[in-house]
Amino acid sequence: MLKVMIADDEERICKLIHALVDWTSLSMEVVATAHNGLDVLEFLKNNSADILITDIRMPGMSGLELIQTLKKEKPEMEIIIISGYAHFEYAKAAISYGVGNYLLKPINKTELISTLEKVRDGILNKRAIEENTNQLIQKNEKDIKRIQRLLIDYLLEQKCKNMNLEELNEEYHLHLHPGSFQAFWLKMDGMTKDITPNGMGIVMGKVEQLLEKSLEPICIEMVITHKSTSCIGVINYDTANQGEVKHILKSCLTQLEYEKTLYGDVTFSMALSKATNNTEHLVDILNEVELLIKERIIRGTGKILEKIIIEKKVRDQNILETYLRMITRAIEFKNPEESEKTIQVIRDEIKKSKDLHGYEILDIIHACGNLFLSQISVENRQEELISFDERCEQSRDLEELLAVLKELQDDHIKRLRKQYEDDVNRPIRQAKQYIQNHYSEPISLETVSEIVGLSPAYFSTLFKKYEKDGFAKYLMNVRIEQAKIILRESNMSISEVCKKVGYNDLKHFNRTFEKMTGVKPATYRKLYG
């Protein structure tokens, strides 16, 4: 029997959940109830439970904090969260911790039982694998699924071009039949970086399940896989059902758009290829949706994208040449304003080219990022380029794309500028440090310029540029400040103070001190000593 614990700050909810289910028929038993997260943790110190059903909001320790703790301490425990419509942001956070099962209040008996059955089956499957029960069968099924999903990768890479139906069935363990074939590409864009990889796997897994469940009634065979923020599929169906395909996919997209607030500031879009009755055209329809999904940059998100004319020609070379010329100048002078101008020029040039496709705009921005990184010294250039491309792929329109490019440029221009300023300032810092350490000794401009490795004339100009006061004035300030400290904190004679701070002429010291402070050294001591 699987052990179940129920946690909700309302006792009536705990009782309701307990009463709704015939636990024995599910091979389960309720071992405890609790009304806050702290009580749950206290119980689990000395007891065990396989499943926790918890409200997302409770006093003391919220369900969210409880989930975060349990996922660290008891990662094997399955958790079902309960949430109201007003608390979707908490359910979203729970998903980011790897919890994919949630129920909405008021609790529906059918949904509760269905969720418990799914969780139970998952637990039992895990245990069967751990105990090597039916391991070979499960491994075989898993391998077949993996091989089938490889078909999508190979089609995109054009590795299995022109394969007929029989060859595909044999090589990929499929059950394709004569009929229609269509490809689709579903894309989630937006603040996806806020979702952990584990959470993203859960989200896209749910999207895949939704598509499979919706398409199953009309499909003879389907291969669907998800990678990163995309869900890609090829479906085989009786030609008589062709009119239903778009309707079903539109319904799936509408449902995802309706629920998108659960995942944050995201949007969903879908590309749908034309139908073909020839498996040798599968590469073509996959290539079609790969290009089509990029049309959301122009046509907008939240819709199904169809029909694209692919023009095989080199375009917009002038844009890239202009960009390279301008960004090279911005890099040379480490100038953020010049860098900003390149973004505006790219924006204007793209908007002038009214017949550009979405994939062409993406290609231009990708090329700009590549050109930029090729012109600067970057420690991990390939990793930076991959990260840049991934962020571009998650952009919904031209402005988001330009924002990604701008951020890349700004980060590196600022780094280059700081590095340049540090290099220029280094001799000044060395000189100031030397003065602080040797102010009591004879110091000259020539001596210090030699120490920092610059000519006296250039060093003098550079020092004045960064310190405003010249070298002599800076040295005088340091010596007089030190003299003030000694006068306040010691009984040393004025002549001794004079020598201590690097002056050999007492009259000159007295005049300089009075000029800098307004009083003679002896008077200063009386006032502040």
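Author: A charge sits over a ring if NZ of Lys or CZ of Arg is within 6 Å of the ring centre and within 35 degrees of the ring normal. This is a predicted model, and in it the charged end of arginine 479 sits over the ring of tyrosine 503, 5.6 Å from the ring centre.

Reader: Which aromatic cluster does Tyr503 belong to?

Author: Tyr503 forms one aromatic cluster with Phe509, Phe513, Tyr524 and Tyr528. Within this cluster, take tyrosine 524 and tyrosine 528. They are four residues apart in helix 22 (residues 521–528), which separates them by about one helical turn. Tyrosine 524 is buried, at a relative accessible area of 7%.

Reader: How many aromatic pairs are there in the whole structure?

Author: A search finds nine. One of them joins tyrosine 154 and tyrosine 172, with 6.4 Å from centre to centre and 65 degrees between the planes; this pair is edge-to-face. Tyrosine 154 belongs to helix 6 (residues 135–156) and tyrosine 172 to helix 7 (residues 165–172), so the pair ties together parts that are 18 residues apart in sequence. The rings of tyrosine 524 and tyrosine 528 have centres 4.7 Å apart and planes at 45 degrees, so that pair is tilted.

Reader: How do I read a sheet?

Author: Strands of a sheet pair through backbone hydrogen bonds, either parallel or antiparallel. Here five strands form an open sheet in the order 2-1-3-4-5, and the pairing is parallel.

Reader: Which strands stand at the edges?

Author: Strand 2 (28–34) and strand 5 (101–104) do; each has a single partner strand, so one side of each is left without a neighbour in the sheet. On average, neighbouring strands of this sheet are turned by 20 degrees against each other, direction ignored.

Reader: How many bridges join strand 3 to strand 4?

Author: Five bridges link strand 3 (residues 51–55) with strand 4 (residues 78–83). Leucine 52 stands opposite isoleucine 79 in strand 4.

Reader: What lies across strand 1, strand 2 and strand 3?

Author: Helix 2 (residues 37–46) does, and it runs at about 155 degrees to strand 1 (2–7).

Methods:
Residues are numbered from 1 along each chain as its sequence is written. This is a predicted model: local features need pLDDT of at least 70, side-chain atom pairs count only at pLDDT 80 or more; totals for chains, interfaces and linings use all residues. Side-chain values use heavy atoms; hydrogens and water are left out. Two strands pair if DSSP finds at least two bridges between them. Helices (H or I, at least four residues) and strands (E, at least two) are DSSP runs, numbered from the N terminus. Axes are lines fitted to C-alpha atoms, for helices over the stretch in contact, and angles run from 0 to 180 degrees between N-to-C directions. Contact means heavy atoms within 4.5 Å. Rings of Phe, Tyr and Trp (its six-membered ring) pair if their centres lie within 6.5 Å; planes under 30 degrees apart count as stacked, over 60 as edge-to-face and the rest as tilted. Buried means under 20% relative accessible area, exposed over 50%, partly exposed in between (1.4 Å probe, protein chains only).
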